[in-house]
Amino acid sequence: MSADTGSGRKLEHFVSQAPFDPHAIEALSPEQERYYMASQWQLMWWKFIRHRLALISGGFLLIMYASILISEFLAPYNLHTRNINSIYAPPQSLHMFHEGAFIGPFVYGNRFTLNLSTLSREYKEDTTKIYRVQFFCRGDAYKFWGYLDSDLHLFCVEEGGTLFLLGTDRLGRDILSRMIYGARISLTIGLIGITLSFLLGMVIGGIAGYYGGVIDLVVQRMIEILQSFPQIPLWMALSAVLPVTWSPLLIYFGITVILAMIDWTGLARAVRSKLLALREEDYCLAAQLMGAKPKRIIGRHLMPGFMSHLIASATLSIPTMILGETALSFLGLGLRPPVTSWGVLLNEAQNISVVALYPWLILPVVPVVLVILAFSFLGDGLRDAADPYK
Amino acid sequence: MLQYLVRRILIMIPTLLAISLIVFLIIELPPGDYLESYISELQAQGETVDQKHIEFLREQYGFDKPVMTRYWEWLTGMMVGDFGFSFEYRLPVSEVVGDRLFLTILVSTVTIIFTWVIAFPIGLYSATHQYSWGDYGLTFIGLLGLATPNFLLALIMLYFANVIFGTSIGGLMNPDYIDQPWSWGKFLSVLEHLWIPVVVIGTSGTAGMIRRLRANLLDELQKQYVTTARAKGLPPLRLLLKYPLRTAINFFVADIGSLLPNIISGAELVAVVLSLPTTGPVLIAALQSQDMYLAGSFLMFLASLTVIGVLISDILLAWLDPRIRLAGGAAK
């Protein structure tokens, strides 16, 4: 009983004579191939660079961190150079043209007068004097990283002039130079602190998550209690504990330890919850059956699985640390001069009269805000990229 | 509900005990004690120090007893309302703390309300208009608020409030009202001064809250019941208000646990800059002069404030959400 018995007319339809290759359907375009063959880190990188803001922030932070390697060279003046003739001098503006003629970057002279009725210091631009800004010139002598003697600066002003692009403080020290030097402390305190809290969080969270049971319960309660403390008062109390007799360097490390001691809880929680989920996976069971020790299972098999998440959340908690240090130093409980961080600089701007009279003293807040924003965006980008398969 | 309440309050007790232990450890940690700094201060002023007087003081304040005994005495004292004695003020701690604690609570409460009022509509808008310019702009402003150090913002706003509105600088009321009984004028004066700390402290908390609310709502908006409701032709606004928002409100109440420590931290810091008569300035002074009972009680109060705040939010949550009320024990 075939079809052609009824009508007697065959249905026309096309049949390709070419041999059929079953693999042809599965063949990938070069683009797809590249995507499927890429390693996890490669995928993360691709996803990360699509987040423009995070990329820019990352670049900005790289530049900032690179700058702390050569602070002495970048800063036009030394950290402690005092200019008795220009105390509380306002920012000088950079000019290019003098009376219509181009002469390159230069500043006018600064004329200082004491207003005898209000006793305030008044500075006026003296347009008769021109001081060119020079590059790669000789200025204040310094010891590069404390060892190499040098006096080379990226830019400085001609002999006799002053170059205070962001003004000076109550001792006539250049704010811009102090900000460049302050970056050293402010930026590293976040990094060292986060390294410490990263280690703490990983170890404690790892133990809690892997073993579970009573250990987990105790750690969980501990974290809850620590998190119920308001951070700043606790930081204040702990930094008041640091003895006054300690050297500034010791205080610096003390402060980082304090910042880390309270900050690890969030990371520990993240590690714990991830471990709880991952330890049920088959490959973990397989490792156990083959007799791997918990240390090896956690470190070798489980950690790599969520390392990217951890890095992202660590990046997001650096801002808290930088802000914490700034706040503590601002209150006079953190770092103390001669160690200079942005918080120490802001300590000068503690009262309202400063804001009214010498507003440029609050300029060190600008790098603080920028760095914190950059870390937030970078952390966001990293978090999105951390799971490239999504 | 009652069972849940009792269980919830019982959990609080070990937490508070642990907090008191930590606080006591912190105030015990600094080498030396108040008497030592007191003696050196006297010597610096050229006064002779009577050894007997010192011994008497030492005994009086219990510095000669072992640590555990002192902790026990401090703890049991607190239960009956005896918080110890402030060396600096030469007053019982409770008298120094009283008013200031009230004002701290006032500032914190108003700040929480402010944070909610701001964060709620913005979070709602950001979630429903994801990736729009408005979303980006508002998120950016929120981040900026997060990134600016509170204390500096406080200074700048104080300055402008003074220049533009003529608000007197510092404090929580006009200097004329300070030692007067409460009146309408005093109330207005407090209101006039209160908004600066509230806005300043609120900015950092608001940003975090907006982000969390946005993320939460976005999760909710992707669920199938929302698609179903949309497909059935429910007006978008009504849909939003009726379903996803209700789940988001639960989260909003629960979030107080992470908001409160943040706000109290900010309040302490800002209080120093604005010289508010709250706990901040006294706490710092007490920490610096090793006035340990005063500092300890302050820390204890601030931590208890958070614990109690979280308790309130948990109770509210249980009232709002039957799942928590009924399965409170099963969830563990």
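In chain A, strand S3 and strand S4 (residues 148-157) run antiparallel and are joined by 8 bridges; strands are taken to pair if DSSP finds at least two bridges between them. Helices (H or I, at least four residues) and strands (E, at least two) are DSSP runs, numbered from the N terminus. The model is predicted, and local features need pLDDT of at least 70, side-chain atom pairs count only at pLDDT 80 or more, and totals for chains, interfaces and linings use all residues. Residues are numbered from 1 along each chain as its sequence is written, while chains are lettered from A and ligands numbered from 1 in the order in which they are written.

Within this pairing, A:Arg138 has A:Leu152 of S4(A) as its bridge partner. The hairpin of S3(A) and S4(A) has 3 residues between the strands, and A:Trp145 takes a positive phi near 55 degrees there. A:Phe136, in strand S3 (residues 121-144) of chain A, also has a positive phi, of about 50 degrees, although it is not a glycine. Burial was assigned from C-beta atoms placed from the backbone: a residue is buried if 20 or more others lie within 10 Å of its own, exposed if 12 or fewer, and partly exposed in between. A:Phe136 is exposed because it has 10 other C-beta atoms within 10 Å. A positive phi of about 55 degrees is found at A:Tyr88, which is not a glycine. This residue lies in the loop between helix H4 (71-74) and strand S1 (95-98) of chain A. With 19 other C-beta atoms within 10 Å, A:Tyr88 is partly exposed.

A:Glu348 occupies the loop between helix H11 (342-347) and helix H12 (352-357) of chain A. It is buried, because 20 other C-beta atoms lie within 10 Å. Contacts are counted where the C-beta atoms of two residues, placed from the backbone, lie within 7 Å. Beyond its neighbours within four places in sequence, A:Glu348 is in contact with A:Asp169, A:Arg170, A:Val354 and A:Leu361.

A nonpolar core is a set of buried Ala, Val, Leu, Ile, Met, Phe, Trp, Tyr and Cys residues joined through C-beta atoms within 7 Å. The largest such core has 150 residues, of which A:Met236, B:Phe151, B:Ala154, B:Val270, B:Ala295 and B:Phe298 touch the most other members. Helix H5 (residues 175-211) of chain A supplies the largest share of this core, 15 residues. A second, separate core of 7 residues includes A:Phe106, A:Cys156, A:Val157 and A:Phe164. Outside four places in sequence, B:Ala154 contacts B:Ile196, B:Pro197, B:Val200, B:Val270, B:Val273 and B:Leu274.

In chain B, B:Gly142 is placed in helix H6 (residues 133-147) and is buried, with 24 other C-beta atoms within 10 Å. Residues up to four places away in sequence aside, B:Gly142 touches B:Thr206, B:Ala207 and B:Ile210.

The contact between the chains takes 32 residues from chain A and 35 residues from chain B. On the chain B side, H14(B) gives the most, with 7 residues. By class, this side has 29 nonpolar, 5 polar and 1 charged residues, where Ala, Val, Leu, Ile, Met, Phe, Trp, Tyr, Cys and Pro count as nonpolar, Asp, Glu, Lys and Arg as charged, and the others, Gly among them, as polar.
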